[in-house]
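The structure comes first, then the notes by topic.

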Amino acid sequence: MLAFLGAAMTAGGQPAHEVQGEVRQVAAALGYRRVQVSTGPTGIIVCLGDGTPATFESVEGGLRLDQATQVYEIRTALERGSMSVAEATERLSSLRRVPHRYPRGGLDGGVFVIACGIALILQPAWSSVLFAGLASPIVGASIRIAARGRLLATLMPFGAALIVALAAFWAHSQGWIVGPLRTMLPPIAILLPGALIVTGLSEVAAGAMVAGTARLSYGTSQLVMFGLGVAGAAILLRVPPEALANTTVDSIGWWSPIAGLVLVASGISLTESVPMPLVPWILLILGLTLSAQIGGQHVAPWFGALLGAGVASAGSGLVELARPQLPRMVMFLPSFWLLVPGSLGLVSVAQLGLEPSIAAPTITQSVSIVCAIALGMLLGTSVSRTVAIIVERGRALRRRRIRLSRKLV
């Protein structure tokens with residue numbers, strides 16, 4: 001059961017060091033205080049004590065946010081003693097068979113709404129929003145094709161980036177869009193490995209070297225595949241160097257990030273089958289993240305990323321502390337689509353391969369932002385856990401005082 005639980009938490013997007021700690025907490029609550037746990041991106045090894053037999057459970061792809069919510073509920077119930085090991089094992093075994101809340105149109109509709117929302121935030125021009133909406137079916141089709149086999153999943157980043165980049169560069173040549181390299185990002189942002197790279201970096205910083213290095217290597221290779229697709233499109237259409245600049249256009253107005261935020265939250269609820277009670281909380285964390293990011297960017301882009309990631313991590317942890325039924329990771333993970341580390345990474349790789357002379361500023365910016373996001377995650381998690389420890393100690397002290405007063409009476 002512990003192996004199933006750890007594999008499910010890993011599939012839900014939790015870093016390896018957090019999975020190991022939480023599996024040990026559950027094991028201790030069940031009476032096994034010498035559990036040995038080793039977690040990686042593709043599997044987990046668990047044994048119940050020194051010298052005892054071990055079991056391995058592989059991680060077969062990711063989980064939707066509604067499924068990750070159920071994993072949190074199972075873990076919490078086990079720690080409280082309100083769920084048996086047999087019941088938890090049964091629920092974890094059948095987790096991937098949980099039906100999608102929106103089986104018809106959930107994926108396509110969600111991808112369309114997310115693409116338009118990110119365009120309003122990342123490249124707020126009506127032509128870019130229109131392009132994002134028209135290109136979103138390519139992303140939906142790519143996700144379905146990738147689910148049919150390992151080879152197709154491997155080639156999917158290259159194929160999706162190639163098709164979307166061809167459309168963006170052609171539209172730019174016709175004078176319909178400005179800044180094609182940045183305009184093509186919103187439709188494929190949902191596919192980019194930004195969360196993977198930042199999670200890997202945070203794992204390395206936290207001491208989970210094997211898991212962190214593996215994630216960083218895989219995320220970087222995915223980014224290179226996307227970059228090759230963009231480079232292939234630029235070569236086929238003979239794109240001029242000036243079209244490869246990281247050009248930002250803002251022609252809509254101050255309200256575009258707010259509208260984009262609402263659309264992103266709505267799209268996430270559709271694609272990830274998010275339970276409705278969680279949607280307002282996800283919107284709250286997204287709003288805090290975007291506000292902190294925009295405020296910090298007045299100082300420096302990396303400071304905005306640091307502040308946004310820190311607020312997202314700390315905010316989701318504090319919400320979980322106040323409302324224990326709300327899982328922290330489910331509220332935190334959507335924030336990666338606002339922090340756009342994968343988008344900047346793709347721009348860097350594409351510029352480096354096509355026009356190295358203009359790549360240096362973007363590469364420097366993307367590296368600093370990825371590192372800032374990882375540091376912000378660690379700082380935010382530390383803040384929320386410190387507050388949780390203080391609150392728990394306060395509650396324990398109050399309980400002791402109540403027991404003491406009763407004895408005196």
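C116 counts as buried, at 9% relative accessibility, where buried means under 20% relative accessible area, exposed over 50% and partly exposed in between, with a 1.4 Å probe and protein chains only. The model is predicted: local features need pLDDT of at least 70, side-chain atom pairs count only at pLDDT 80 or more, and totals for chains, interfaces and linings use all residues. Residues are numbered from 1 along each chain as its sequence is written, and side-chain values use heavy atoms, with hydrogens and water left out.

**Cysteines**
- C47 is also buried, with a relative accessible area of 12%.
- Over the whole structure, the search finds 0 disulfides, a disulfide being a pair of cysteine sulfur atoms within 2.5 Å.

**Strands**
- β1 (residues 36–40) and β2 (residues 43–47) pair in the antiparallel sense over 5 bridges; pairing requires that DSSP finds at least two bridges between two strands.
- Strands (E, at least two residues) and helices (H or I, at least four) are DSSP runs, numbered from the N terminus.
- S38 has I45 in β2 as its bridge partner.
- The link from β1 to β2 is a hairpin through 2 residues.

**Cavity**
- A search of the whole structure finds 1 cavity of 30 Å³ or more.
- On a 1 Å grid over the protein atoms alone, a cavity is a set of points where a 1.4 Å probe fits but cannot get out, while a pocket is an open set with protein on both sides within 12 Å along at least five of seven lines; lining residues have an atom within 4 Å of a point.
- The largest cavity holds about 30 Å³ of space, a volume being the space filled by probe spheres set on grid points joined across faces, edges and corners.
- Its lining consists of P15, E18, S313, R328, M329, F332, M377 and T381.
- Two or more of these lining residues come from each of α15 (328–332) and α18 (359–408), and α15 gives the largest share, 3 residues.
- The lining of the largest cavity has 4 nonpolar, 2 polar and 2 charged residues; Ala, Val, Leu, Ile, Met, Phe, Trp, Tyr, Cys and Pro count as nonpolar, Asp, Glu, Lys and Arg as charged, and the others, Gly among them, as polar.

**Second largest pocket**
- This pocket has a volume of about 980 Å³.
- Of its 31 lining residues, E22, Q25, Y72, R75 and E320 lie nearest the centre.
- α3 gives the most to this lining, with 7 residues.
- By class, the lining has 13 nonpolar, 8 polar and 10 charged residues.
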